[in-house]
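Let's take a look at some charged side chains and who they pair up with. Keep the 3D view handy as you read.

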Amino acid sequence: MNIGFNILYNLLAVTAAFVLFALAGFVYSHSQQKAINKIFALFSISFALWCLGVWGMHTSMNYTIASFWIKILNLGSILIPVFFLHLCLLLTEKYYPTLLAMLYIVTIIFAPFAFTTKLFTKELIRTHFGYFASAGILYLFYSLYFVFCFSYGFFILGRSFLKSFGSKRLQLTYALIAFAIGTLGGIVSFLPILGIFVLPIWNLTSVLCGIILTYAILKHRLFDIYFVLKKTTAYSLVTTAITFTYVFVVLGFEYLLRSITGYYSFWAAVPAALVITLTFVPLRDRLQKVTDQIFFRRTIEYQTAIREVTRMITSVTDLRTLFRLIDQTIMKVMCSRSASILLLEERENQYVVEKINGLPEHLYGITLPLNDPLIEYLKKQKDVVVLDEVKSLLASDITDPSEKEKLKLVAEELEKFEAAIAVPAFHKGKLVGVLTLGEKLSGEIYNPDDLELLLTMASEAGIAIENAKLYRNITETRNYLNNLIQSSDDAIITLNLEGKILSWNEGARKILGYQPEEVIGKNVPFLAENEIKNYIHKILSGEEVKVVELEREGKSKEKIPLLLTCSPIRDAENKIIGVSMILKDITELKKVDQLKKEFLSKISHDLRTPLTPIYDHLSLLLSGKLGEISAKQKEALTAISKQSEHLQDLIDTVIDLSRTEAGKPLELEKEPIFVEQLIKKCLEAETPQFAAKNISLETNYQNAPLALTGDRKKLQRAIKNILDNALKFTPAGGKVTIITERENQGVKVTVADTGIGIEAKHLEKIFERFYQVDSSYTRASRGIGMGLAIAKDIIEAHGGKIWAESQGLGKGSRFIFTLPVSS
């Protein structure tokens, strides 16, 4: 009876030491940087040393061996209290550096005495349970040190336990139970040293302490080594089971052969080896499968569910269907009370609650800004945020006050969604969504399996969400553009590069009368084939086709005035793959334009009628034929006369415009003119404006005098418009030069400036009506783009020609016109 008890007792001591050494290794190797992992490892090693010392003392066959083991026991005893208290402080997130420093100094002082047998422990006594030591002089001080460390450790553990909740409370519960059982055994172990012999229960309590700590690690995420320890335990069992199985196989064959032959033979190992060879792989696989079912059943179920939902969500392009799948699967697998899904809406720069389950309806559709505390915390952590852990950090003394303020807001956000956890979904480093889950219906906490698999699914969901959002955005954009094109009053037609029609909107049907099915896949019915090829060629060459005025027949054969604009259609690689044509029906504009022309023609003649007698009477007044006038009166009448001339000039311009727009030739009042005098007259009126802008004016009259026959006023207007253009586009401090010279049978006039220059593509277009080069100078001048068009009409009415030259932007311009010389 005593022998059996001793064997069991010693086996418990070795088991406790093995468990504690294993725990130390697992915890430390999993996270070598964490202080709590380091201190737990040191505490476990100290405890294991004590257990080994107890085992050695009880199994020693003589005094010398027992003397060695008592030193090991004493070393473990001295180290345990300080590591225990340090561990308690870390578990409760307290930090008292001065206290710890003092206790570590005391430990360092005690440590050397562990290796003496006189001061710490004295003589060794032999009992039924092996050797025991009696107390030395220092043992009383050590006992006080032990009582203080353990009393204070349990005090702060208990206080934190009362303030904690959720997973933290469960962790502290198991830590308290394990340490209480271990401490009970430690206290009892003091009694034999003090001469009081009791039943040695400390080996049993040490094993129980190790088992409870292991359970806390496996079940409640204590020290965060759940997966390492669980997998190691599982596959150690597989190895052990296989080993024992084959040991029994070998022993069985040995027994069978001995029964037959009457003696032991080496050949018994041959059939055993054959059996092992044939059954090893299937047996290992079967045992591993059984072990996986026992240890990882829930993980396997989760993984199956995750694979299924991943397969489904990757093929879904509708966001609502995607949310429903994610929500239903998670709620089913996790058995959560509630859930919500928040989605990043980049166009609105906010997160929107797109799906709720088991939550109040008012939460649906609410928004969180990008700088929301929960959103920022998830971006920072890049991990699942657990409400209990956030609250634990809030209750901790070592959390920075400013960090606590942020954590308080994070906790409030989670509580608003009745969430126990928040799972982030990242895609390419961007937080694209958040899944919140309420407490489990069972009341259990979310274990590491849950969190790991939720993160995995969230990662897959992030990709699916982004794809679904992209599909949604593309669909919305396509529908928007489709509606825009179809509802447009203008004809919008797309062609491929062969000139075949690809699309035909409602505006095209209304304007041209053709139904889409009549024209799609065919050539444009209102344009000749060479015209289509010409437009496509221009687009491919990079030329612009803008505001081309056409008159074409529709289906009804009625002439329709149109404005045509062509643009390239490009693919993702910016390659031109087609042409977009926009046609505007300008029938009503033409009618309005005709009314405008008629009005301008009539009003200009009506304005000229009263202006003639006004101008004549002013001349009489200024000449003095109607009586003497004072100097001031003459000055005022001269100003009125000049403005009357200007008004007459404007009216003549309007009349000329109305005539040219009506297709009629300008009315010219020709007379002999010297070109130099004509230019001087223009410069008299323009010089003050050039001087105000600090632009110098130079003239170079070659082959003077040069004479011609023409309309003086209209030619002055043409030159004035060219000068005004030079003034407008020449920066302050520039120069404008006017050169006249004879050229063949005509006169050539050049107005050169040092202005902003003109791009080659604009050189021909600047003489078109209302055409303006888009620039800051144009916008500042507030012109309407008619000056050069009027000058062109006047020059051409005199049989001349006008054009512009420029080397490009920033290199100035030259406006040149030629006129025939009089005989």
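## A linked trio

Start with three residues: Glu686, Lys720 and Asp724 are joined in a network of salt bridges. Bear in mind that this is a predicted model.

Lys720 and Asp724 form a salt bridge whose closest N and O atoms sit 3.1 Å apart. Both residues belong to helix α22, which covers residues 712-729. They are four residues apart there, about one turn of the helix.

## A pair in helix α19

Now hop over to helix α19, made of residues 587-623, which holds both Glu588 and Lys591. These two are three residues apart, again about one turn of the helix. They form a salt bridge, with 3.6 Å between the closest N and O atoms.

Is Glu588 buried or exposed? Its relative accessibility is 53%, and the cut-off for exposed is over 50%, so Glu588 counts as exposed. Lys591 comes in at 48%, so this residue is partly exposed.

## A buried pair

Next up are Asp711 and Lys714, which also form a salt bridge; here the closest N and O atoms are 3.6 Å apart. Both Asp711 and Lys714 are buried.

Notes: Residues are numbered from 1 along each chain as its sequence is written. This is a predicted model: local features need pLDDT of at least 70, side-chain atom pairs count only at pLDDT 80 or more; totals for chains, interfaces and linings use all residues. Side-chain values use heavy atoms; hydrogens and water are left out. A salt bridge is a side-chain nitrogen of Lys or Arg within 4 Å of a carboxyl oxygen of Asp or Glu. Buried means under 20% relative accessible area, exposed over 50%, partly exposed in between (1.4 Å probe, protein chains only).
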